[in-house]
2 protein chains.
Amino acid sequence: MTETAVGSTAVENAAAQSKSQQAYAAVKARIVEGAYTPGYRLVLAKIAEDLGFSVVPVREAIRRLEAEGLVKFERNVGATVSGIDPTEYLYTMQTLSIVEGAATALSAPLIDSVSIARARAVNEEMRECLEHFDPVRFTALNQDFHSVLFEHCPNPHILDLVHRGWNRLASIRSSTFRFVPGRAQESVREHEALLQLIESGADADTIEKAARQHRASTLDAYLAQAKQ
Amino acid sequence: MTETAVGSTAVENAAAQSKSQQAYAAVKARIVEGAYTPGYRLVLAKIAEDLGFSVVPVREAIRRLEAEGLVKFERNVGATVSGIDPTEYLYTMQTLSIVEGAATALSAPLIDSVSIARARAVNEEMRECLEHFDPVRFTALNQDFHSVLFEHCPNPHILDLVHRGWNRLASIRSSTFRFVPGRAQESVREHEALLQLIESGADADTIEKAARQHRASTLDAYLAQAKQ
DNA sequence: GTCATAGTTATCGTATACGATTTCGTACTT
DNA sequence: AAGTACGAAATCGTATACGATAACTATGAC
């Protein structure tokens with residue numbers, strides 16, 4: 001756990017990968033880790049040289065990242081790590097609130113008490129992170145928390161959408177969007193409340209609303225701050 | 001309206017497109033129109049020859065289609081139009097019900113009476129299609145109906161997810177999944193009910209549930225039939 | 001007759017090469 | 001001094017080429 005890049009295709013374990021896949025994983029990792037920040041110019045020839053192979057597989061990798069929204073690829077101009085745009089952030093968060101809400105509701109009936117306990121442990125760690133002020137770890141743990149809940153999610157498509165959203169948010173990590181004061185504490189509290197709802201066997205609709213609101217609240221906190 | 005391939009990037013108007021984009025549009029169109037049916041083997045060299053250019057842009061196009069789920073691309077084996085799998089159908093429909101539900105709820109407050117009237121007209125055409133038994137046109141009109149409702153959707157990301165779902169369904173059009181007896185009539189009725197909800201200014205949650213159920217019912221009808 | 005194995009063919013994956021386009025810098029004009 | 005026009009450098013887009021891999025076919029053994 002606590003990996004950086006999220007998604008089924010992120011790191012296929014073997015060495016028997018195509019260079020195209022390797023390039024995809026490498027560039028994606030750099031974006032998600034923050035080595036390539038938004039606006040960063042992705043020069044194909046340079047990346048190819050860095051990785052030690054030609055531009056063709058790199059192009060394919062970039063195209064794939066483009067399809068996932070992590071990269072903007074403009075004809076005859078080049079590729080850049082995509083956007084800080086507040087509007088884009090709003091879109092992403094709103095979409096995430098919907099797909100996370102659905103994923104949580106669909107997963108809830110399938111979560112056993114062991115998973116609940118693990119999720120609770122992760123949430124405790126998050127609480128500790130707050131004291132030591134470790135936002136990077138906090139974010140990673142936050143993904144872990146929800147990943148535990150989604151472990152038995154019956155719909156991989158929805159899970160994939162969640163992961164895409166997370167990666168997209170990760171790509172803009174160091175920007176102004178994250179970490180509204182006080183929001184993190186609230187987030188930990190909401191996690192606990194969500195766990196109790198799941199434990200109590202609350203109906204799907206209630207759980208979905210709670211999970212959705214959990215994400216939406218972070219967005220609201222940002223919007224409220226941005227307004228000032 | 002009543003286009004075949006749906007999505008923002010489907011048909012960039014000019015001739016000044018990259019061959020990669022042309023290839024993408026061409027192959028996508030063939031899939032969505034049903035010329036390439038599921039399982040169809042996409043031989044890169046052959047497609048390249050058909051279109052009159054080399055394999056490199058075709059590969060990029062295929063990669064993009066892969067990212068959208070329309071194509072399965074296996075290393076050293078090749079690309080095929082992706083799947084009829086009932087499970088896949090279930091995933092897609094379930095995901096669609098969620099994103100369409102959200103898109104409808106988000107759009108509802110922004111829909112004016114003119115759009116409502118247009119949607120209603122489309123729905124009337126659908127009713128007529130039922131009498132002449134024109135399922136292809138019915139499906140196209142169905143997309144038109146919802147497209148009218150989504151015209152002012154404030155979140156393009158969600159709209160994009162809707163379009164991807166539609167394209168995915170279109171790619172399996174001629175299979176056993178569509179057109180459960182009686183479902184089409186019900187669908188037309190549900191459209192009218194949905195319009196009345198929107199007109200009456202019902203709250204977001206009610207509209208979302210109705211829109212979600214509209215898609216879910218089609219899935220349920222299929223599942224019930226498949227069980228027999 | 002069926003299975004295993006070797007050889008052939010088809011197709012993929014990637015490198016290299018080069019024309020096309022954009023961008024940047026410099027010199028020239030007003 | 002500011003703006004424009006030209007030229008050079010950087011970078012992209014695509015074609016071609018070829019080694020690598022998998023699928024297919026045919027031949028032989030049991």
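Modeller: Contact here means heavy atoms within 4.5 Å. This is a predicted model, in which local features need pLDDT of at least 70, side-chain atom pairs count only at pLDDT 80 or more, and totals for chains, interfaces and linings use all residues. Residues are numbered from 1 along each chain as its sequence is written, and side-chain values use heavy atoms, with hydrogens and water left out.

Biologist: How do you know that the copies meet through the same surface?

Modeller: Of the interface residues of chain B, 100% are also interface residues in chain A, so the copies meet through the same surface.

Biologist: What makes the two copies related as by a two-fold rotation axis?

Modeller: Superposed by least squares on the C-alpha atoms of residues with pLDDT of at least 70 in both, chain B can be laid on chain A with an RMSD of 0.1 Å by a turn of 180° and a shift of 0.0 Å along the axis. The two copies are thus related as by a two-fold rotation axis.

Biologist: Why is α6(A) called largely enclosed by the rest of the structure?

Modeller: Helix α6 of chain A, residues 135–149, is a DSSP run (H or I, at least four residues; for strands E, at least two), numbered from the N terminus. Buried means under 20% relative accessible area (1.4 Å probe, protein chains only), and eleven of the 15 residues of α6(A) are buried, so this helix is largely enclosed. Among them are Phe138(A), Leu141(A) and Phe145(A).

Biologist: Why are β2(B) and β3(B) said to pair?

Modeller: Two strands pair if DSSP finds at least two bridges between them, and β2(B) and β3(B) have four, in the antiparallel sense.

Conventions. Chains lettered and ligands numbered in written order. Expected span 1.5 Å × (residues − 1). Buried < 20%, exposed > 50% of the residue type's maximum accessible area, 1.4 Å probe, protein only.
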